[in-house]
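Here's a quick briefing on one protein model, grouped by topic. Have a look at the structure first, then read on.

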Amino acid sequence: KHVTLAAALELQRQLLASGRYRVELTRTRDVFIPLEQRVIIAQRKAATLFVSMHADALTDHSVRGASVYTLSDGASDAQTAALARRENAAGIGGGALGGSPEVSRILGNLVRQETRQGATRMARKIVAELGRDLPLLQNPNRHAGFMVLKAADIPSVLVEMGFMSNKTDEAALRQPAHRARVAT
């Protein structure tokens, strides 16, 4: 949580310094925001892009490298499916995203097609940039049903900066210079 907050603050600093972007964070201090609430915050702020930054842990300590996830009903691999289940379960709280489930599903499907295309383009660009300076997971363009990616009207990506369960990734992620490279 400290690494991801520090990385998000660095990304905010760099984007604001460019003078080209309006940046809103779902949190600026050490507090837990339920996953559904993060999406609601982005929608209330009329976000045009939602970036969720992560540094997760796996039981396989050899796994290391960055990757970027976009929304999909199915996961790109078993490891991703397990990661999405764990993340989604950890963030349950708050209410539904609004409306009846059937109406929400229909409207979401209509809007999500275009939104997913924007998210996929953004994910490809992020992976290309991350790959210039950082190690990447094999097949770094990944997809799964992460709850934070489910805003039907906002292209959303989840950036996995590396794994705290891997000693090399953890050491790098604890370094401000490395987080600055991730943000760049």
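Tyr69 and Phe146 are both buried, where buried means under 20% relative accessible area, exposed over 50% and partly exposed in between, with a 1.4 Å probe and protein chains only. Keep in mind that this is a predicted model, in which local features need pLDDT of at least 70, side-chain atom pairs count only at pLDDT 80 or more, and totals for chains, interfaces and linings use all residues. Residues are numbered from 1 along each chain as its sequence is written, and side-chain values use heavy atoms, with hydrogens and water left out.

**The aromatic pair**

- Rings of Phe, Tyr and Trp (its six-membered ring) pair if their centres lie within 6.5 Å; planes under 30 degrees apart are stacked, over 60 edge-to-face, and the rest tilted.
- That rule gives one aromatic pair.
- The ring centres of Tyr69 and Phe146 sit 5.1 Å apart with planes at 70°, so this pair is edge-to-face.
- Tyr69 belongs to strand S2 (residues 66-71) and Phe146 to the loop between strand S3 (136-144) and strand S4 (156-163), so the pair ties together parts 77 residues apart in sequence.

**Overall build**

- The protein has six helices and four strands, taken as DSSP runs numbered from the N terminus (helices H or I, at least four residues; strands E, at least two).
- Along the sequence, the pattern reads α-α-β-β-α-α-β-β-α-α.
- Of the protein's 184 residues, 43% count as buried.
- Among contacts (heavy atoms within 4.5 Å) with a separation of 6 or more, 81% join residues 24 or more positions apart.

**The cavity**

- There's one cavity of 30 Å³ or more; on a 1 Å grid over the protein atoms alone, a cavity is a set of points where a 1.4 Å probe fits but cannot get out, and lining residues have an atom within 4 Å of a point.
- The largest cavity holds about 70 Å³ of space, a volume being the space filled by probe spheres set on the grid points, which are joined across faces, edges and corners.
- Eleven residues line the largest cavity, with Leu71, Thr115, Arg116, Ala119 and Leu149 nearest its centre.
- S2 and helix H4 (101-133) each give the lining at least two residues, and H4 has the largest share with four.

**Glu36**

- Glu36 lies in helix H2 (residues 35-44).
- Glu36 counts as buried because its relative accessibility is 11%.
- Glu36 and Val148 are 112 residues apart along the chain, with 6.8 Å between their C-alpha atoms.

Conventions: On a 1 Å grid over the protein atoms alone, a cavity is a set of points where a 1.4 Å probe fits but cannot get out, and a pocket is an open set with protein on both sides within 12 Å along at least five of seven lines; lining residues have an atom within 4 Å of a point.
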